[in-house]
Amino acid sequence: MNWINKNFLTTIISFLLLTHGQALAQEIPPLEDNQKVFDAQSFSKDIRQLTLQYRGELEDYRSSEKEYKILKQQYFQLETLASLEKSVRATQAAMVARANVLRTYIRLLRFHLLAQAGIELPEKQAAQQNLLDTLSKIEQHQQKLAEPLDKPSIANVAVEFKELFSEIEESVYRVLALLTVGKLQTVHDKALVLTHDMEEQLATAGGALKSAERKRSFDETNRVLSSLKGEFDLVEAKFSDSSDLDYKEVYQFANDRLSRIYSSLAKALLFLEELLKI
Amino acid sequence: MKQSDAQDQTQFITESPLYEKPTARQEPQQPLLDDEKTPNNKEFPKKIVLAIGICLLLLVLGAVFIKSRQSSPGEKNILLDDSPLDKAISGPLEQRVQELSQELELADPSQEKLPFPLVEIKINLEDE
């Protein structure tokens with residue numbers, strides 16, 4: 001009796017294990033090559049190092065600027081030679097710290113520009129050259145600050161820097177806009193590829209009703225994505241014809257257009273997410 | 001007592017056997033019930049039949065289950081016409097959509113990741 005009961009239980013357990021095991025084996029999705037090939041980020045090391053350097057220099061600049069302001073105030077209150085000497089040194093130190101910050105920032109921005117995909121090569125090269133020219137001017141400014149300065153020399157350097165600052169701002173804002181263009185263009189390109197892949201993979205899934213619904217949804221998503229090409233072209237055209245325009249105006253225009261592109265891309269990605277639930 | 005009952009003239013004589021009948025009938029039924037209380041020999045085959053029955057039922061159910069999972073793609077499409085997408089297809093695609101959404105967030109033009117440093121333009125010793 002016991003022997004039969006044991007056999008009975010063993011048979012049922014083995015049967016259940018066998019069928020459940022088969023079911024589990026069938027539920028496991030087939031192994032797919034999901035490994036992504038990332039672009040070699042050859043600039044990531046330089047970017048990391050420069051970011052750290054930039055933060056340190058920015059901190060130095062903050063303390064130098066603070067000291068300069070205190071000593072300048074003291075000089076105007078005391079009006080002694082000693083306070084003048086102290087304030088001249090503090091002013092020069094603040095100028096040096098400011099130049100260091102700007103120089104490192106431009107170098108950092110250049111590496112970000114080089115590492116960014118999705119920017120047309122001629123535009124990238126032009127923007128990079130612009131940054132290098134600006135960098136060279138900042139270095140010239142730094143050379144002037146290398147020697148001890150007196151009060152009139154400081155006044156001259158301050159006037160020169162005001163002109164240089166406009167050039168720095170112009171090249172920086174141009175690159176910042178280009179970086180955003182590159183990021184959005186990359187997402188746009190990837191969204192097009194993803195939509196195409198989804199269309200292929202979902203073509204055979206579901207019945208006729210589902211297929212028709214999906215087709216309409218894909219058509220709408222493609223319309224949104226296709227309309228963005230014109231928007232990107234507009235931004236590029238504005239950059240290439242911007243010689244007679246104020247750079248701030250160009251940057252503002254680009255930013256407005258890029259915000260629209262961003263919203264449309266977010267909408268297209270929501271459509272794709274929704275499509276997977278049909 | 002019986003004698004006194006028999007002498008009661010308000011009762012019919014024919015009723016007296018009726019009083020006695022129930023006790024007389026119950027006595028022979030008792031041994032019959034005891035007989036049905038199964039000898040152990042008959043319990044054994046019933047359990048085996050039950051076990052074999054359950055096994056066969058499970059086998060049939062298992063075979064139907066496996067067969068339904070191995071059905072052809074055409075049949076599957078007809079069955080899944082109104083059901084959501086298979087996770088094996090939608091899973092990786094959903095992941096790609098999520099990754100792209102995250103990448104888009106980093107490209108938000110309203111959030112500058114590398115802002116221009118806030119530096120004082122007018123550093124000089126002139127009285128302002």
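1. Helices here are DSSP runs of H or I with at least four residues, and strands are runs of E with at least two. On that basis chain B of this predicted model has five helices and zero strands. Along the sequence, chain B reads α-α-α-α-α. Of its 128 residues, 8% count as buried.

2. The mean pLDDT of chain A is 85, with 83% of its residues at 70 or more. Residues 16–40 of chain A are a stretch where the pLDDT is below 50; beyond near neighbours in sequence, this stretch has ten contacts in the model.

3. On the interface: 63 residues of chain A are in contact with 46 residues of chain B. On the chain A side, the elements that give two or more residues are α1 (2–27), α2 (44–78), α3 (81–115), α5 (151–202), α6 (208–240) and α7 (247–275). The largest share, 18 residues, is from α5(A). By residue type, the side of chain A that touches chain B has 37 nonpolar, 14 polar and twelve charged residues.

4. Helix α7(A) has 29 residues, and the distance from its first C-alpha to its last is 41 Å, close to the 42 Å expected at 1.5 Å a residue. Its buried residues are V250(A), Y251(A), A254(A), L258(A), I261(A), Y262(A), L265(A), A268(A), L269(A), F271(A), L272(A) and L275(A).

5. E79(A) deserves a look at the backbone. This residue sits in the loop between α2 and α3 of chain A. Its phi is positive, about 55 degrees, although E79(A) is not a glycine. Most residues other than glycine have a negative phi. Is E79(A) buried or exposed? E79(A) counts as exposed because it has 9 C-beta neighbours inside 10 Å, and the cut-off for exposed is 12 or fewer.

6. N100(A) is placed in helix α3 of chain A. N100(A) counts as buried because 21 C-beta neighbours lie inside 10 Å, where 20 or more are needed. N100(A) and D60(A) are 40 residues apart in sequence, yet their C-alpha atoms are 9.6 Å apart in space.

Conventions. Residues numbered from 1 in each chain as written. Chains lettered and ligands numbered in written order. Predicted model: local features only at pLDDT ≥ 70, side-chain atom pairs only at ≥ 80, totals over all residues. Contact = placed C-beta atoms within 7 Å. Nonpolar A, V, L, I, M, F, W, Y, C, P; charged D, E, K, R; others polar. Expected span 1.5 Å × (residues − 1). pLDDT = per-residue confidence, 0-100.
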